[in-house]
Amino acid sequence: MLEISGLCSGYGGPDVLDDISLRVQAGEIVAVVGANGAGKTTLLNTIAGLIKPSAGTISLSGTEIGGRPAERVVRAGLSLVPEGRQVIAPLSVEDNLLVGAYSRRDGGARVTLAEVYDRFPRLRERSHQPAGLLSGGEQQMLAIGRALMAAPRALLLDEPSMGLAPLVVTEIFALLSDLNKLGLAILLVEQNARKALALAARGYVIEGGRIVLQGPAGELANSPAVVEAYLGAAGSREFAV
Ligand code: ATP
């Protein structure tokens with residue numbers, strides 16, 4: 001579904017991403033794990049059209065989307081759940097959700113809104129509250145709900161576990177598994193390698209803007225090289241897999 005080849009991008013200076021190639025098949029969950037500053041956010045933001053690639057191709061179901069503006073990438077069927085959630089704090093929960101459907105031209109936003117509320121009853125209960133008053137976990141659900149409002153075929157998630165209590169992280173990951181079972185392809189970037197590789201079918205390890213390892217998620221999680229790479233790169237027990 002999503003095929004990336006030879007992707008390079010950055011912020012005007014030397015490229016941050018160097019020759020990244022990866023793919024996500026229809027209905028698959030793929031994890032990209034790596035330490036702080038490895039290039040995970042840059043990768044997702046480049047795919048999502050927020051950063052222009054300097055080289056390489058990004059195709060979604062055979063259509064080239066590399067370098068297209070973000071709203072066209074959303075319309076092509078790819079939605080981003082950004083790092084730090086980025087809900088619009090003063091807007092109500094419902095208005096945040098409706099923002100996610102802004103680029104839709106099929107008139108289906110109200111139907112999807114009802115589906116999102118069915119999936120996240122707490123968002124329905126708080127639909128008229130300002131989003132800034134929600135807990136971190138609820139804001140993460142709102143960010144995922146907002147992405148779903150565009151009726152995507154694939155979801156990009158940037159560190160959905162960031163700053164959340166372990167129980168809430170478990171809830172969010174169970175939700176991602178449910179969404180995947182309904183047919184949504186998922187590309188997830190995470191520092192929480194253990195959780196991400198437990199959820200995914202396949203994984204990639206990114207270091208210094210390059211893919212240094214890839215394979216079935218279970219194999220990666222048990223690979224001494226992954227343990228070594230993480231401990232070497234980050235020195236944090238969060239990276240032990
Ligand atoms: P984190 O988990 O901390 O978000 P990451 O793996 O997502 O890390 P990126 O945020 O993609 O990493 O950062 C990759 C590199 O790009 C880092 O060296 C970072 O300093 C640099 N970088 C990120 N954002 C910008 C920016 N807006 N301008 C210039 N350099 C940036």
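Author: Start with a definition. The expected span of a helix is 1.5 Å times one less than its number of residues. The model here is a predicted one.

Reader: How many Å apart are the end C-alpha atoms of helix 6?

Author: Helix 6 covers residues 136-148. It has 13 residues, so at 1.5 Å a residue it should span 18 Å. The end C-alpha atoms agree with that, since their separation is 18 Å.

Reader: Is helix 6 mostly covered, or mostly uncovered, and how many of its residues are buried?

Author: A residue is buried when its relative accessible area is under 20%. Among those that pass in helix 6 are Gln140, Met141, Gly145 and Arg146. Helix 6 is mostly covered, and of its 13 residues the buried ones number twelve.

Reader: Which elements cover the buried residues of helix 6?

Author: Two strands are included, strand 6 (78-81) and strand 7 (154-158). Helices also take part, including helix 3 (93-100), helix 4 (109-119) and helix 5 (121-125). One more element belongs with these: helix 7.

Reader: Are helix 6 and helix 7 roughly parallel or roughly antiparallel?

Author: Their axes come within 10 Å and cross at roughly 15°. Angles under 35 degrees count as roughly parallel. The crossing is right-handed. The angle therefore makes helix 6, relative to helix 7, roughly parallel.

Reader: What classes of residue make up the contact of helix 6 with helix 7?

Author: On helix 6, the residues include Met141, Ile144 and Leu148. They meet residues of helix 7, among them Val168, Glu171 and Leu175. By class, the contact has eight nonpolar, two polar and one charged.

Reader: How does the pair of helix 3 and helix 4 cross: roughly parallel or oblique?

Author: The two axes come within 11 Å and cross at roughly 125°.

Reader: How many charged residues are in the contact of helix 3 with helix 4?

Author: Glu94, Leu97 and Leu98 come from helix 3. They meet Arg110, Leu113, Val116 and Tyr117 of helix 4. Five residues are nonpolar and no residue is polar, while the charged ones number two.

Reader: Which residues is alanine 101 in contact with, leaving aside neighbours within four places in sequence?

Author: Alanine 101 lies in the loop between helix 3 and helix 4. Its relative accessible area is 8%, so it is buried. Its C-alpha atom is 9.1 Å from that of leucine 113, twelve residues apart along the chain. Beyond those neighbours, its contacts are Ala109 and Met149.

Reader: Is arginine 85 buried or exposed?

Author: Most residues other than glycine have a negative phi. Arginine 85 has a positive phi of about 70°. It is found in the loop between strand 6 and helix 3. With a relative accessibility of 13%, arginine 85 counts as buried.

Reader: What is the relative accessible area of aspartate 19?

Author: Aspartate 19 lies in strand 2 (residues 17-24). Its phi is also positive, near 60°. Aspartate 19 is partly exposed, because its relative accessible area is 43%.

Reader: Which glycine follows helix 1?

Author: Helix 1 spans residues 40-47, and seven of its eight residues are buried. Leu43, Leu44 and Ile47 are among them. The residue that follows helix 1 has a positive phi, near 90°, and is glycine 49.

Conventions: Residues numbered from 1 in each chain as written. Predicted model: local features only at pLDDT ≥ 70, side-chain atom pairs only at ≥ 80, totals over all residues. Heavy atoms only, no water. Axes fitted to C-alpha atoms, helices over the stretch in contact; angles between N-to-C directions. Helix = DSSP H or I, 4+ residues; strand = E, 2+ residues; numbered from the N terminus. Parallel < 35°, antiparallel > 145°, perpendicular 65-115°, else oblique. Left-handed = near helix turned anticlockwise from the far one by under 90°. Contact = heavy atoms within 4.5 Å. Nonpolar A, V, L, I, M, F, W, Y, C, P; charged D, E, K, R; others polar. Buried < 20%, exposed > 50% of the residue type's maximum accessible area, 1.4 Å probe, protein only.
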